[in-house]
Amino acid sequence: MGEAKPQNVKRPIAPVPPPPQIYPRRYFEASPTWFAWNKLTAADIHALRTERGFEGQKIYFHLNHPIQFVTVVGLLVEIEGIADGKYTLLTLDDGSGECMVVKVRRRVLAKGDEAEYPSNTEVDNVDVHVNLALPAVFLDNKPVGLGDVIKAKGTIDSFRGVRQLDLKRMFTVKDTNAEAQAWSQTAQWKRETLSQPWILTQSERDTVDENIRQEEKKDRERARRKKEWNAKISDKRRRHDEKQEIKRREKEAKYNDGALKGSHIILAPWE
């Protein structure tokens, strides 16, 4: 007898787990990522998702973690000035396979604004000076050049569909030890916070909902007190104006008492 041929056995296909739940916006403040400077690579930032219902709000997602603030550390490889002078673009290469363009906004002063500001950009310790159309960047009054390692913190923006970082804070990474520490912190944040979906229990949701209800109740109470206060002030002003009008009429009557009839009328010479 010939040997039996092994039969192809169909193995059951493991079910694909559903995507993690995106919680409503009111719960985001309970997320560990919402108010955090999320330590990410440039490739991570480019890979963040947008979700329906959050368009135009600059809210991005990793799994179901809502993200608005990010930190990236990289080598400064390009400084570019925009022709209209509103922006300076810094390109950081962090070795992740993607680069991140960091946008530095020029501080725009309103007409008549004579206040003194610590810098000419929207980041207090970052200045940009242009000489012969070439921008020079200064951090804490010290020049920043190509080859420096930069830690940039900001919100995510985009230009022509490509992600950028809208700079809010900037630091120089002084040496290789500090750079290694920054990379270690990025890896730790991704491992300990971003690697698993954000789980919000029903009890935690109930607590958030109750806090929101209490805040709304306080807001209504503050609005009611403000309305009552404004009504009292309005009533005081009305009564004050009425008293002033009575005094004015009494004075007018006193001044007119005993005056000749028609003496208050001054005729022109030709009349």
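Biologist: Which residues of H3 are buried?
Modeller: Arg205, Val208 and Asp209. Buried means under 20% relative accessible area, exposed over 50%, partly exposed in between, with a 1.4 Å probe and protein chains only. This is a predicted model: local features need pLDDT of at least 70, side-chain atom pairs count only at pLDDT 80 or more, and totals for chains, interfaces and linings use all residues. Residues are numbered from 1 along each chain as its sequence is written, and side-chain values use heavy atoms, with hydrogens and water left out.

Biologist: What does H3 reach end to end?
Modeller: 80 Å from first C-alpha to last, over residues 202-256. That is close to the 81 Å expected at 1.5 Å a residue. The expected span is 1.5 Å times one less than the number of residues.

Biologist: Switching to H2. Which residues are buried there?
Modeller: Ala182, Thr186, Trp189, Thr193 and Leu194. Seen down the axis of H2, they fall within an arc of 80°, so they line one face. The arc is taken from the directions from the helix axis to the C-beta atoms.

Biologist: What do they pack against?
Modeller: Strands E1 (38-39), E2 (60-62), E3 (65-67) and E4 (69-81). Contact there means heavy atoms within 4.5 Å.

Biologist: And which exposed residues sit on the face turned away?
Modeller: Thr176, Asn177, Arg191 and Glu192.

Biologist: How many helices and strands in the chain?
Modeller: Three helices and eleven strands. Both are DSSP runs, numbered from the N terminus: helices are H or I, at least four residues, and strands are E, at least two.

Biologist: How much of the chain is buried?
Modeller: 28% of its 271 residues.
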